[in-house]
Amino acid sequence: MSFMNRLSFLGRWRFHGADLEESTDYLPNPSCGWYRMFPFELDKEPDFDDLFWCLREKETLVQAVILIGAYREERLPMEALDRLDRIFDFFRTNQKEMILRVAYDGIGQGLLAEPSKLQTVMLHMQQVGPLISRYENDILAFQGLFVGSWGELHDSRYLSRDKLRLLEQSLRSAIGERIPIAVRTPLQWRMLHKLNANPGRDKLCMFNDGLFGSESDLGTYGLKEREKADWLESWERRDELLFIEKMHEKLPYGGEAIGVAKEGELALAVQDMRRTHLCYLNAEHDQKCLDRWKAAAWEEKGLWKDVNGLDYIGAHLGYRPVIRKVTGYADEGLHLELTLVNEGFSYLLEEAQLLISVQAEENNERVQAVSIEPKELAPGGILKVACQFANETTDGEYSVYAKMRRKRDGRMIQIANRQEKGLVLLGTWTSLV
C-alpha cells in the first residue's frame, strides 16, 4: 500500500511540538571556544603523559606554540621534526584542533632569538611545511610568520613590506592553501595585499593578543580616520574594527584579552566581539580581565540576565545554533519546518549538516540530512529548514529529533537547546484513525 493510501486509510496526522527550551551551557563545538596554550621547546622531549592531564574535556581548541630558537642558525634536525610530528599526533589523537604558532622566541626577545638571515627562516618554513600540511584538518589557524617576540610579528628585523611578503609566500607554499594564516594587525594584512583589496577574499586573517588592553588594543590600531589615512597606515579603532569584521566572515578570529581598560568593560567588549566575529579566546590570560568579566553580570533582559559575564562570553564564542520554532503538517507525506538561529559571535566556519530523524516506538528510524552552508548561518541570522518524510509507515506515535555535525569529518555540533542523549526533541507525530 502506498504512503498516501495509508494516510487516507489511517486518517490524518497531528504534530505536537516539544518545548524548545534554550540552554545557557557552554557548548564544546568544533573550531571555536576557549583555548589554553601548550608551549613546546622543539629541542626537548615532551612528557605526553603529563600533557594529557592538562587537556580539558569541554575545550575543543588548544594553542600549540612550537619554539625553535635552539635551531636559529641551523637546519632543523630529523629528531626535531619527528618530535613535531608526535606533538601534532598527540592533539589529533585527543581530538583537539590546534591554533598553531611556530616561533623562535618565547620570552619577549624577538630580535635576539631570531635567525640572522631571512633565508634561514624560510628554510625552517619549508622544513616544517609538509608536516603541517599533513595535519591541516587538525589546525584551525596558523598564527604569525615565525618572527618577532613570542612570534607575534613585532620586535623583529623582518617586518618591512617586502620581507613580510617573502615570509608569507614562503609559509603559504610550504603548508598549502587550506590553513588560514593570521597576522597580528590589520596594517600587516594590508601590507600583504594590493591597494584597496577586499578583506575576506583569501585565507589571510589576523589574531589579536592585545584585545581590550587599550583604545588601540596595545598598538593593534592607530589614530587616523580611514578617510585621512593611507592604505599602509594604521587606522583608528572604529575603522579597523569594521575592517576586521569583513576579514572574518569566513575565517577565525581570536586571541588574548588584556588588562582592565575601559574598552574591556563587559558590554563594550561583547559589542566588539560581535562586530569582529570573535571565535576563540585564551582561557587563562589575562586573569585580571577574565576576573573582571566574571564579577560582572549580563544586564539585558531575557535568558541571559544576571549570568556572569565570563560565562556569557564563553557561551557565545564562535557560532551557537539554537532551534527557535518547529511546525509540522501532513500533505502527501509528513512535513517539518523549523527555524534555526545563530546566537554566537561568529559565522559557522564550515559546511554542516542538520540531521532530522523520525523514530517509531519500536526504534525504527528514518533520517534526513539537510546541508547548511556557512553563509546561511551568520551571527544573529535566521535559517528556515524544511524536510519531508514520505516513506511508508504504520499508525502510532513517532518522535522527531535533531542533531548537527560538521560535514567534512562528522564531528558533532551541539545545539543550544536542552537535549536527551545528544538529541534535541522537536516533537511527535501521532496518527489519528
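Q: At what angle do H9 and H11 pack, and how far apart are their axes?

A: In this predicted model, helices H9 and H11 pack at an angle of about 5 degrees, and their axes are 11 Å apart. An angle under 35 degrees counts as roughly parallel, and H9 and H11 are therefore roughly parallel to each other. On the side of H9, the contact is made by Leu266, Val270, Met273 and Arg274, while H11 contributes Gly309, Tyr312, Ile313 and His316. By class, the residues of this contact divide into five nonpolar, two polar and one charged.

H11 itself spans residues 309-316, and seven of its eight residues are buried, so this helix is largely enclosed by the rest of the structure. The buried residues are Gly309, Leu310, Tyr312, Ile313, Gly314, Ala315 and His316. Gly309, Tyr312, Ile313 and His316, the residues through which H11 meets H9, are among those buried residues. The buried residues of H11 pack against H9, strand E2, strand E11 (280-282) and helix H10 (287-295).

At its start, a side-chain oxygen of Asn308 reaches to within 3.0 Å of the backbone nitrogen of Leu310; Leu310 is one of the buried residues of the helix. Beyond H11 comes Gly318, whose phi is positive, near 75 degrees.

H9 covers residues 266-276 and is included in what covers the buried residues of H8, as are helix H7 (186-191) and strand E8 (204-206). In H8, which runs over residues 237-247, the buried residues are Arg237, Asp239, Glu240, Leu241, Phe243, Ile244 and Met247.

His248 lies in the loop between H8 and strand E10 (254-257). At 1% relative accessibility, His248 counts as buried, the limit for that class being under 20%. The side chain of His248 reaches the backbone nitrogen of Met206 at 3.3 Å. Not counting residues up to four places away in sequence, His248 touches Cys205, Met206, Tyr253, Thr276, His277 and Tyr347.

The axes of H3 (residues 78-93) and H5 (residues 118-134) come within 10 Å and cross at roughly 20 degrees. H3 and H5 are therefore roughly parallel to each other as well, and H3 passes H5 in a right-handed crossing. Their contact is made by Leu81, Leu84, Asp85, Phe88 and Arg92 of H3, together with Gln127, Val128, Leu131, Ile132 and Arg134 of H5. The class composition here is six nonpolar, one polar and three charged residues.

Conventions. Residues are numbered from 1 along each chain as its sequence is written. This is a predicted model: local features need pLDDT of at least 70, side-chain atom pairs count only at pLDDT 80 or more; totals for chains, interfaces and linings use all residues. Side-chain values use heavy atoms; hydrogens and water are left out. Axes are lines fitted to C-alpha atoms, for helices over the stretch in contact, and angles run from 0 to 180 degrees between N-to-C directions. Helices (H or I, at least four residues) and strands (E, at least two) are DSSP runs, numbered from the N terminus. Angles under 35 degrees count as roughly parallel, over 145 as roughly antiparallel, 65 to 115 as roughly perpendicular and the rest as oblique. A crossing is left-handed if the near helix is turned anticlockwise from the far one by less than a right angle, and right-handed if clockwise. Contact means heavy atoms within 4.5 Å. Ala, Val, Leu, Ile, Met, Phe, Trp, Tyr, Cys and Pro count as nonpolar, Asp, Glu, Lys and Arg as charged, and the others, Gly among them, as polar. Buried means under 20% relative accessible area, exposed over 50%, partly exposed in between (1.4 Å probe, protein chains only). A polar contact is a pair of N or O atoms within 3.5 Å; within protein, one must be able to donate a hydrogen and the other to accept it, and residues adjacent in sequence count only if both atoms are side-chain atoms.
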